[in-house]
There are 2 protein chains.
Amino acid sequence: MAAEPPLAAIRSLPSWLLGRAAARGRALVAEALAAEGLKMWHHVVLSAVRDLAPVAQADLGRGIGLDPKDLVGILNDLQSAGLVVRAPDPRDRRKNAVSLTPDGGRLLDRCEKAAHQANDTLLAPLSADERDRFMDLLIRISGTEG
Amino acid sequence: MAAEPPLAAIRSLPSWLLGRAAARGRALVAEALAAEGLKMWHHVVLSAVRDLAPVAQADLGRGIGLDPKDLVGILNDLQSAGLVVRAPDPRDRRKNAVSLTPDGGRLLDRCEKAAHQANDTLLAPLSADERDRFMDLLIRISGTEG
DNA sequence: TCATTTCATTGGGGAACCCAACGACTTTTC
DNA sequence: GAAAAGTCGTTGGGTTCCCCAATGAAATGA
(Lines give C-alpha, C1' and ligand atoms only; values in the text may rest on other atoms or scores of the structure.)
Protein backbone atom coordinates (compact mmCIF):
# COMPACT_ATOMS: atom_id res chain seq x y z
CA MET A 1 0.00 0.00 0.00
CA ALA A 2 2.51 2.61 -1.03
CA ALA A 3 1.15 6.15 -0.99
CA GLU A 4 -0.15 6.91 -4.46
CA PRO A 5 0.87 10.17 -6.04
CA PRO A 6 -1.99 12.64 -6.51
CA LEU A 7 -4.26 12.01 -9.47
CA ALA A 8 -2.95 8.48 -9.87
CA ALA A 9 -6.44 7.04 -9.55
CA ILE A 10 -7.55 8.70 -12.75
CA ARG A 11 -4.29 8.83 -14.65
CA SER A 12 -3.74 5.11 -14.27
CA LEU A 13 -7.08 4.19 -15.83
CA PRO A 14 -6.53 2.63 -19.25
CA SER A 15 -9.61 4.38 -20.58
CA TRP A 16 -8.19 7.71 -19.43
CA LEU A 17 -4.78 7.18 -21.00
CA LEU A 18 -6.41 5.89 -24.14
CA GLY A 19 -8.48 9.03 -24.35
CA ARG A 20 -5.47 11.28 -23.89
CA ALA A 21 -3.39 9.39 -26.43
CA ALA A 22 -6.25 9.41 -28.92
CA ALA A 23 -6.71 13.14 -28.43
CA ARG A 24 -3.04 13.70 -29.12
CA GLY A 25 -3.23 11.56 -32.24
CA ARG A 26 -6.33 13.32 -33.46
CA ALA A 27 -4.74 16.72 -32.97
CA LEU A 28 -1.58 15.72 -34.82
CA VAL A 29 -3.47 14.25 -37.77
CA ALA A 30 -5.92 17.16 -37.91
CA GLU A 31 -3.02 19.59 -38.03
CA ALA A 32 -1.35 17.64 -40.83
CA LEU A 33 -4.56 17.38 -42.88
CA ALA A 34 -5.39 21.05 -42.38
CA ALA A 35 -2.59 21.85 -44.83
CA GLU A 36 -4.71 20.13 -47.51
CA GLY A 37 -7.91 21.73 -46.28
CA LEU A 38 -9.43 18.45 -45.15
CA LYS A 39 -10.79 17.06 -41.90
CA MET A 40 -10.14 13.59 -40.57
CA TRP A 41 -13.37 12.16 -41.99
CA HIS A 42 -12.71 13.63 -45.40
CA HIS A 43 -9.47 11.70 -45.51
CA VAL A 44 -11.05 8.51 -44.18
CA VAL A 45 -13.90 8.63 -46.69
CA LEU A 46 -11.55 9.46 -49.54
CA SER A 47 -9.40 6.46 -48.68
CA ALA A 48 -12.37 4.14 -48.32
CA VAL A 49 -13.79 5.28 -51.66
CA ARG A 50 -10.53 4.46 -53.40
CA ASP A 51 -10.53 0.97 -51.90
CA LEU A 52 -14.19 0.20 -52.57
CA ALA A 53 -15.25 2.29 -55.58
CA PRO A 54 -17.77 2.21 -57.04
CA VAL A 55 -19.57 1.87 -53.74
CA ALA A 56 -22.99 2.79 -52.37
CA GLN A 57 -23.05 5.31 -49.56
CA ALA A 58 -24.56 2.86 -47.10
CA ASP A 59 -21.77 0.34 -47.70
CA LEU A 60 -19.24 3.11 -47.40
CA GLY A 61 -20.60 4.23 -44.07
CA ARG A 62 -20.70 0.70 -42.70
CA GLY A 63 -17.11 0.07 -43.77
CA ILE A 64 -15.68 2.92 -41.75
CA GLY A 65 -18.25 3.14 -38.98
CA LEU A 66 -19.62 6.50 -39.99
CA ASP A 67 -23.24 7.51 -39.51
CA PRO A 68 -25.13 7.85 -42.84
CA LYS A 69 -26.20 11.34 -41.80
CA ASP A 70 -22.65 12.52 -41.36
CA LEU A 71 -21.54 10.78 -44.54
CA VAL A 72 -23.90 12.93 -46.58
CA GLY A 73 -22.16 16.11 -45.45
CA ILE A 74 -18.70 14.70 -46.00
CA LEU A 75 -19.57 13.54 -49.52
CA ASN A 76 -21.17 16.90 -50.31
CA ASP A 77 -17.91 18.58 -49.37
CA LEU A 78 -15.79 16.14 -51.38
CA GLN A 79 -18.05 16.34 -54.41
CA SER A 80 -18.12 20.14 -54.33
CA ALA A 81 -14.35 20.08 -54.32
CA GLY A 82 -14.32 17.71 -57.31
CA LEU A 83 -12.62 14.92 -55.38
CA VAL A 84 -15.46 12.43 -55.66
CA VAL A 85 -18.47 11.78 -57.90
CA ARG A 86 -21.89 10.38 -57.12
CA ALA A 87 -23.49 8.52 -60.02
CA PRO A 88 -26.90 6.82 -59.90
CA ASP A 89 -26.61 3.05 -59.86
CA PRO A 90 -28.60 1.69 -62.85
CA ARG A 91 -29.00 -1.69 -61.17
CA ASP A 92 -30.55 -0.22 -58.01
CA ARG A 93 -31.86 3.25 -58.39
CA ARG A 94 -31.86 3.83 -54.65
CA LYS A 95 -28.08 3.77 -54.60
CA ASN A 96 -25.39 6.28 -55.41
CA ALA A 97 -22.23 4.78 -56.84
CA VAL A 98 -19.44 6.84 -55.30
CA SER A 99 -16.09 7.00 -57.08
CA LEU A 100 -12.83 8.87 -56.86
CA THR A 101 -11.82 11.54 -59.38
CA PRO A 102 -8.20 11.92 -60.51
CA ASP A 103 -8.00 15.05 -58.38
CA GLY A 104 -9.32 13.04 -55.44
CA GLY A 105 -6.67 10.38 -55.95
CA ARG A 106 -3.88 12.94 -56.04
CA LEU A 107 -5.12 14.70 -52.92
CA LEU A 108 -5.50 11.37 -51.17
CA ASP A 109 -1.85 10.59 -51.86
CA ARG A 110 -0.80 13.82 -50.23
CA CYS A 111 -3.13 13.21 -47.29
CA GLU A 112 -1.68 9.78 -46.70
CA LYS A 113 1.83 11.17 -46.60
CA ALA A 114 0.73 13.83 -44.14
CA ALA A 115 -1.15 11.32 -41.99
CA HIS A 116 1.82 8.97 -41.87
CA GLN A 117 4.12 11.78 -40.82
CA ALA A 118 1.69 12.74 -38.06
CA ASN A 119 1.56 9.15 -36.87
CA ASP A 120 5.34 8.97 -36.85
CA THR A 121 5.35 11.97 -34.57
CA LEU A 122 2.71 10.35 -32.40
CA LEU A 123 4.74 7.16 -32.02
CA ALA A 124 8.09 8.91 -31.80
CA PRO A 125 8.61 7.89 -28.15
CA LEU A 126 8.52 4.22 -29.19
CA SER A 127 11.07 2.05 -30.91
CA ALA A 128 10.15 0.24 -34.11
CA ASP A 129 9.75 -2.96 -32.16
CA GLU A 130 7.53 -1.34 -29.58
CA ARG A 131 5.38 0.21 -32.29
CA ASP A 132 4.63 -3.19 -33.74
CA ARG A 133 3.80 -4.54 -30.33
CA PHE A 134 1.62 -1.53 -29.58
CA MET A 135 -0.31 -1.86 -32.82
CA ASP A 136 -0.95 -5.52 -32.15
CA LEU A 137 -2.36 -4.82 -28.70
CA LEU A 138 -4.37 -1.90 -30.03
CA ILE A 139 -6.01 -3.97 -32.73
CA ARG A 140 -7.17 -6.50 -30.17
CA ILE A 141 -8.59 -3.80 -27.90
CA SER A 142 -10.23 -1.62 -30.51
CA GLY A 143 -12.76 -4.25 -31.51
CA THR A 144 -11.89 -3.61 -35.15
CA GLU A 145 -11.21 -7.16 -36.17
CA GLY A 146 -14.79 -8.36 -35.83
CA MET B 1 3.96 -5.55 -52.29
CA ALA B 2 1.23 -7.94 -51.26
CA ALA B 3 -2.25 -6.76 -52.17
CA GLU B 4 -3.64 -4.93 -49.17
CA PRO B 5 -7.16 -5.80 -48.08
CA PRO B 6 -9.70 -3.02 -48.58
CA LEU B 7 -9.70 -0.25 -46.00
CA ALA B 8 -6.29 -1.31 -44.73
CA ALA B 9 -4.84 2.11 -45.41
CA ILE B 10 -7.07 3.70 -42.80
CA ARG B 11 -7.47 0.82 -40.42
CA SER B 12 -3.74 0.40 -40.00
CA LEU B 13 -3.17 3.99 -38.94
CA PRO B 14 -2.24 4.14 -35.25
CA SER B 15 -4.26 7.31 -34.84
CA TRP B 16 -7.31 5.55 -36.27
CA LEU B 17 -7.00 2.50 -34.04
CA LEU B 18 -6.32 4.72 -31.06
CA GLY B 19 -9.50 6.63 -31.79
CA ARG B 20 -11.58 3.48 -32.08
CA ALA B 21 -10.13 1.97 -28.92
CA ALA B 22 -10.66 5.20 -27.02
CA ALA B 23 -14.24 5.39 -28.23
CA ARG B 24 -14.84 1.87 -27.01
CA GLY B 25 -13.30 2.70 -23.63
CA ARG B 26 -15.33 5.86 -23.33
CA ALA B 27 -18.54 4.05 -24.11
CA LEU B 28 -17.83 1.31 -21.56
CA VAL B 29 -16.95 3.76 -18.80
CA ALA B 30 -19.88 6.04 -19.62
CA GLU B 31 -22.24 3.11 -19.41
CA ALA B 32 -20.81 2.06 -16.06
CA LEU B 33 -20.98 5.57 -14.61
CA ALA B 34 -24.51 6.12 -15.88
CA ALA B 35 -25.68 3.75 -13.16
CA GLU B 36 -24.54 6.38 -10.64
CA GLY B 37 -25.94 9.25 -12.69
CA LEU B 38 -22.54 10.70 -13.46
CA LYS B 39 -20.64 11.57 -16.62
CA MET B 40 -16.98 10.86 -17.22
CA TRP B 41 -15.86 14.33 -16.23
CA HIS B 42 -17.87 14.23 -13.02
CA HIS B 43 -15.96 11.16 -11.98
CA VAL B 44 -12.62 12.62 -13.03
CA VAL B 45 -13.21 15.86 -11.15
CA LEU B 46 -14.49 14.02 -8.10
CA SER B 47 -11.36 11.88 -8.03
CA ALA B 48 -9.05 14.83 -8.52
CA VAL B 49 -10.78 16.77 -5.75
CA ARG B 50 -10.24 13.92 -3.31
CA ASP B 51 -6.55 13.79 -4.17
CA LEU B 52 -5.93 17.53 -4.08
CA ALA B 53 -8.54 19.00 -1.71
CA PRO B 54 -8.73 21.74 -0.76
CA VAL B 55 -7.81 22.94 -4.21
CA ALA B 56 -8.50 26.03 -6.32
CA GLN B 57 -10.51 25.48 -9.50
CA ALA B 58 -7.66 26.63 -11.71
CA ASP B 59 -5.27 24.09 -10.21
CA LEU B 60 -7.93 21.43 -10.50
CA GLY B 61 -8.45 22.14 -14.17
CA ARG B 62 -4.74 22.11 -14.90
CA GLY B 63 -4.29 18.82 -13.09
CA ILE B 64 -6.74 16.96 -15.28
CA GLY B 65 -6.48 19.00 -18.46
CA LEU B 66 -9.99 20.39 -18.30
CA ASP B 67 -10.91 23.82 -19.60
CA PRO B 68 -11.82 26.24 -16.78
CA LYS B 69 -15.07 27.01 -18.58
CA ASP B 70 -16.17 23.40 -18.55
CA LEU B 71 -15.00 22.91 -14.98
CA VAL B 72 -17.49 25.53 -13.80
CA GLY B 73 -20.40 23.50 -15.12
CA ILE B 74 -19.11 20.24 -13.72
CA LEU B 75 -18.58 21.75 -10.27
CA ASN B 76 -22.04 23.32 -10.38
CA ASP B 77 -23.51 19.88 -10.98
CA LEU B 78 -21.46 18.23 -8.26
CA GLN B 79 -22.19 20.99 -5.75
CA SER B 80 -25.91 20.89 -6.49
CA ALA B 81 -25.81 17.15 -5.80
CA GLY B 82 -24.01 17.78 -2.51
CA LEU B 83 -20.90 15.89 -3.56
CA VAL B 84 -18.53 18.82 -3.40
CA VAL B 85 -18.29 22.20 -1.67
CA ARG B 86 -16.79 25.48 -2.82
CA ALA B 87 -15.45 27.64 0.02
CA PRO B 88 -13.75 31.01 -0.40
CA ASP B 89 -10.02 30.80 0.29
CA PRO B 90 -9.19 33.32 3.06
CA ARG B 91 -5.59 33.54 1.92
CA ASP B 92 -6.54 34.45 -1.67
CA ARG B 93 -10.06 35.70 -2.06
CA ARG B 94 -10.05 35.05 -5.79
CA LYS B 95 -9.88 31.32 -5.20
CA ASN B 96 -12.50 28.75 -4.40
CA ALA B 97 -11.23 25.96 -2.17
CA VAL B 98 -12.98 22.89 -3.51
CA SER B 99 -13.43 19.91 -1.19
CA LEU B 100 -15.21 16.60 -1.12
CA THR B 101 -18.27 15.95 1.04
CA PRO B 102 -18.81 12.57 2.74
CA ASP B 103 -21.50 11.86 0.16
CA GLY B 104 -19.02 12.73 -2.58
CA GLY B 105 -16.47 10.34 -1.14
CA ARG B 106 -18.96 7.49 -0.95
CA LEU B 107 -20.15 8.05 -4.51
CA LEU B 108 -16.57 8.28 -5.71
CA ASP B 109 -15.86 4.87 -4.23
CA ARG B 110 -18.73 3.38 -6.16
CA CYS B 111 -17.65 5.16 -9.33
CA GLU B 112 -14.13 3.81 -9.04
CA LYS B 113 -15.41 0.28 -8.74
CA ALA B 114 -17.61 0.78 -11.79
CA ALA B 115 -14.78 2.38 -13.76
CA HIS B 116 -12.39 -0.43 -12.92
CA GLN B 117 -14.89 -3.02 -14.02
CA ALA B 118 -15.41 -1.19 -17.29
CA ASN B 119 -11.66 -1.08 -17.84
CA ASP B 120 -11.38 -4.78 -17.15
CA THR B 121 -13.91 -5.34 -19.88
CA LEU B 122 -11.97 -3.05 -22.18
CA LEU B 123 -8.71 -4.91 -21.60
CA ALA B 124 -10.31 -8.33 -21.51
CA PRO B 125 -8.63 -9.45 -24.76
CA LEU B 126 -5.20 -8.93 -23.13
CA SER B 127 -3.32 -11.03 -20.61
CA ALA B 128 -2.15 -9.44 -17.36
CA ASP B 129 1.35 -9.19 -18.75
CA GLU B 130 0.16 -7.58 -21.95
CA ARG B 131 -1.92 -5.09 -20.00
CA ASP B 132 1.14 -3.88 -18.13
CA ARG B 133 3.08 -3.58 -21.35
CA PHE B 134 0.21 -1.77 -23.03
CA MET B 135 -0.13 0.72 -20.20
CA ASP B 136 3.58 1.45 -20.30
CA LEU B 137 3.48 2.18 -24.02
CA LEU B 138 0.33 4.23 -23.63
CA ILE B 139 1.84 6.44 -20.96
CA ARG B 140 4.76 7.26 -23.21
CA ILE B 141 2.51 8.10 -26.14
CA SER B 142 -0.13 10.06 -24.33
CA GLY B 143 2.23 12.86 -23.33
CA THR B 144 0.96 12.59 -19.77
CA GLU B 145 4.29 12.25 -18.06
CA GLY B 146 5.41 15.84 -18.65
C1' DT C 1 0.72 53.64 -7.67
C1' DC C 2 0.08 51.21 -11.53
C1' DA C 3 1.03 47.50 -14.69
C1' DT C 4 0.83 42.58 -14.84
C1' DT C 5 -0.97 38.40 -13.69
C1' DT C 6 -4.23 35.06 -11.93
C1' DC C 7 -8.89 33.87 -10.40
C1' DA C 8 -13.76 32.21 -11.46
C1' DT C 9 -17.11 32.99 -14.60
C1' DT C 10 -19.66 33.86 -18.98
C1' DG C 11 -19.80 33.84 -23.91
C1' DG C 12 -19.20 31.38 -28.25
C1' DG C 13 -17.88 27.51 -31.34
C1' DG C 14 -15.83 23.38 -33.84
C1' DA C 15 -15.63 18.48 -34.26
C1' DA C 16 -16.71 13.71 -33.26
C1' DC C 17 -20.66 10.71 -32.39
C1' DC C 18 -25.48 8.89 -32.45
C1' DC C 19 -30.71 8.37 -33.15
C1' DA C 20 -35.40 9.10 -35.44
C1' DA C 21 -38.02 9.87 -39.41
C1' DC C 22 -38.97 10.80 -44.30
C1' DG C 23 -39.78 9.87 -49.56
C1' DA C 24 -38.00 7.06 -53.12
C1' DC C 25 -37.02 2.65 -54.40
C1' DT C 26 -36.22 -2.41 -54.04
C1' DT C 27 -37.28 -7.13 -52.91
C1' DT C 28 -40.30 -10.46 -50.84
C1' DT C 29 -44.60 -12.66 -50.13
C1' DC C 30 -49.16 -13.74 -50.70
C1' DG D 1 -49.61 -8.00 -59.43
C1' DA D 2 -50.49 -5.76 -55.26
C1' DA D 3 -49.36 -5.29 -50.42
C1' DA D 4 -45.62 -5.80 -46.90
C1' DA D 5 -41.23 -5.30 -45.49
C1' DG D 6 -36.78 -3.70 -46.00
C1' DT D 7 -33.02 -0.50 -47.80
C1' DC D 8 -31.37 3.80 -49.92
C1' DG D 9 -30.02 8.72 -49.43
C1' DT D 10 -31.41 12.64 -47.01
C1' DT D 11 -32.95 15.93 -43.42
C1' DG D 12 -33.92 16.78 -38.77
C1' DG D 13 -32.55 16.67 -34.14
C1' DG D 14 -29.24 15.90 -30.21
C1' DT D 15 -24.93 14.90 -26.83
C1' DT D 16 -20.25 14.95 -25.61
C1' DC D 17 -15.64 16.48 -25.81
C1' DC D 18 -12.28 20.13 -26.55
C1' DC D 19 -10.62 24.87 -27.04
C1' DC D 20 -10.50 30.18 -27.32
C1' DA D 21 -11.79 35.14 -25.99
C1' DA D 22 -13.30 38.39 -22.65
C1' DT D 23 -14.94 40.04 -18.18
C1' DG D 24 -14.67 41.83 -13.18
C1' DA D 25 -12.45 40.82 -8.87
C1' DA D 26 -8.37 40.19 -6.46
C1' DA D 27 -3.41 39.43 -5.76
C1' DT D 28 1.39 40.58 -6.98
C1' DG D 29 5.58 43.11 -8.28
C1' DA D 30 7.80 47.25 -9.85
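**Exercise 1. The surface near DNA strand C**

Task: Determine how the residues of the surface near DNA strand C divide into nonpolar, polar and charged.

Solution. Ala, Val, Leu, Ile, Met, Phe, Trp, Tyr, Cys and Pro count as nonpolar, Asp, Glu, Lys and Arg as charged, and the others, Gly among them, as polar. A residue is near a strand if its C-beta atom, placed from the backbone, lies within 6 Å of it. Step 3: apply the classes. The surface near DNA strand C has 8 nonpolar, 3 polar and 10 charged residues.

Step 1: locate these residues. Of the 21 residues around DNA strand C, the nearest are Arg93(A), Gln57(B), Ala58(B), Pro68(B) and Lys69(B). Two or more residues each come from helix H3 (40–52) and H5 of chain A, and from H2, H4 and H5 of chain B. H5(B) supplies the largest share, 4 residues. Helices (H or I, at least four residues) and strands (E, at least two) are DSSP runs, numbered from the N terminus.

The structure is a predicted model, in which local features need pLDDT of at least 70, side-chain atom pairs count only at pLDDT 80 or more, and totals for chains, interfaces and linings use all residues. Residues are numbered from 1 along each chain as its sequence is written, while chains are lettered from A and ligands numbered from 1 in the order in which they are written.

**Exercise 2. The surface near DNA strand D**

Task: Find which residues come nearest to DNA strand D and which element gives the largest share of the surface near it.

Solution. Step 1: there are 24 residues around DNA strand D, and Gln57(A), Ala58(A), Pro68(A), Lys69(A) and Arg93(B) come nearest. Step 2: helix H2 (14–34), helix H4 (57–64) and helix H5 (68–80) of chain A each give two or more residues, as do H2, H3 and H5 of chain B. Step 3: the largest share is that of H5(A), with 4 residues. Step 4: by class, this surface has 9 nonpolar, 4 polar and 11 charged residues.

**Exercise 3. How the two chains are related**

Task: State what rotation superposes chain B on chain A, and describe the contact from the side of chain B.

Solution. Step 1: superpose the copies by least squares on the C-alpha atoms of residues with pLDDT of at least 70 in both.

Step 1: count the contact, where two residues are in contact if their C-beta atoms, placed from the backbone, lie within 7 Å. Chain A and chain B contribute 45 residues each. On the side of chain B that touches chain A, H2(B) gives the most, 12 residues. That side holds 27 nonpolar, 9 polar and 9 charged residues.

Step 2: compare the surfaces. The copies meet through the same surface, because 100% of the interface residues of chain B are also interface residues in chain A.

**Exercise 4. Helix H5 of chain B**

Step 1: a residue is buried if 20 or more other C-beta atoms lie within 10 Å of its own, exposed if 12 or fewer, and partly exposed in between, with C-beta atoms placed from the backbone.

**Exercise 5. Phe134(B)**

Task: Decide whether Phe134(B) is buried or exposed, and name its contacts.

Solution. Step 1: Phe134(B) lies in helix H7 of chain B. Step 2: Phe134(B) is buried, since 22 other C-beta atoms lie within 10 Å. Step 3: leaving aside neighbours within four places in sequence, Phe134(B) is in contact with Leu137(A) and Leu126(B).
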